[in-house]
Amino acid sequence: MPDVILLGAPGAGKGTQAQLLQREYGFAAISTGDLLRDHRARGTTLGQEAESFMQRGELVPDDVIIRMVESELPGKPVLFDGFPRTVAQAQALDALFEARRRPLPIAAYLKLDRARLEERLLGRWTNPRSGRVYHATFDPPKRSGIDDVDGGPLIQREDDRPETIARRLDVFEGQTLPLVAYYEAGNRLILIDAAQSVDAVSKALVAGLGLHQRAR
Ligand code: ADP
Ligand code: AMP
């Protein structure tokens, strides 16, 4: 099974798809956003370093992110969600894989227009304990504000506010979008239309990554 990078703007559906693929195919999922939020909740030095960047919707410096991913990289196939976000991070990830003699990861670009991204982020409700997400319109929980699975409260992320959303989408277009060309040039990009239903996106990913032959 390949290592997979879920590439896409905030709100494209990376976390939603990561949870499905993790459950169905036994990937380990690494979400740098979730790892950073966990560091902040625990008040670690790394969490404190990251805080102001995250509040402004800016990227946390590459060296901090790369060190964090390096220390978390497991032996089994990984799904990267929200990483890499810059060309420097992508190069560092490739160097790490090469040093470990591991085949380079494949990137799946979940492409979605800005209006739909905003709509998804504005309606997102998150379980801060598990990372599971809902959407007020597209995938509401059974009881408003309550997680179906653990019965605890759902929150709206502080960076899912209109001003911060606009900044995050600008940062994506400026700093992360060049990765599409980076992976295309390496012949390891698949393009997914993220405007489809959760189920259809998932099917497209499974087919594009050739996972159906590997179902357990
Ligand atoms: P990302 O991890 O890329 O930021 P999420 O997976 O958190 O994105 O999804 C953003 C929001 O959009 C969530 O509220 C989620 O429920 C919703 N969502 C995800 N995929 C779809 C889809 N295919 N159609 C409609 N809504 C979706
Ligand atoms: P996410 O949960 O992926 O939307 O990430 C939330 C925030 O965490 C981002 O707006 C950034 O501030 C920070 N972040 C997450 N992943 C990265 C990364 N790979 N590089 C830099 N900053 C990141």
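Helix α6 (residues 114-122) packs against helix α7 (residues 162-176) at an angle of about 135°, and their axes lie 11 Å apart. Helices are DSSP runs of H or I with at least four residues, strands are runs of E with at least two, and both are numbered from the N terminus. Axes are lines fitted to C-alpha atoms, for helices over the stretch in contact, and angles run from 0 to 180 degrees between N-to-C directions. The model is predicted: local features need pLDDT of at least 70, side-chain atom pairs count only at pLDDT 80 or more, and totals for chains, interfaces and linings use all residues. Residues are numbered from 1 along each chain as its sequence is written, chains are lettered from A and ligands numbered from 1 in the order in which they are written, and side-chain values use heavy atoms, with hydrogens and water left out.

The angle makes α6 oblique to α7; angles under 35 degrees count as roughly parallel, over 145 as roughly antiparallel, 65 to 115 as roughly perpendicular and the rest as oblique. On the α6 side, the contact (heavy atoms within 4.5 Å) is made by Arg 114, Leu 117, Glu 118, Leu 121 and Leu 122. Helix α7 contributes Pro 162, Ile 165, Ala 166, Arg 168, Leu 169, Asp 170 and Glu 173. By class, this contact has seven nonpolar, no polar and five charged residues.

The aromatic side chains form three pairs, where rings of Phe, Tyr and Trp (its six-membered ring) pair if their centres lie within 6.5 Å. The ring centres of Phe 80 and Phe 83 are 5.8 Å apart and their planes stand at 50°, so this pair is tilted; planes under 30 degrees apart count as stacked, over 60 as edge-to-face and the rest as tilted. Phe 80 and Phe 83 are both buried, that is, under 20% relative accessible area, whereas exposed means over 50% and partly exposed in between (1.4 Å probe, protein chains only). Ring pairs link Phe 80, Phe 83 and Phe 97 into a cluster.

Phe 83 is also joined to Pro 84 by a cis peptide bond, with omega about -10°. Pro 84 lies in the loop between β3 (78-81) and α5 (87-99).

Most residues other than glycine have a negative phi, and most peptide bonds are trans. Arg 101, although not a glycine, has a positive phi of about 50°. This arginine, Arg 101, sits in the loop between α5 and β4 (106-111) and is exposed, with a relative accessible area of 79%. Asn 187, not a glycine either, has a positive phi of about 60°. The loop between α8 (178-185) and β7 (189-193) holds Asn 187, which counts as exposed at 73% relative accessibility.

Technical notes. Nonpolar A, V, L, I, M, F, W, Y, C, P; charged D, E, K, R; others polar.
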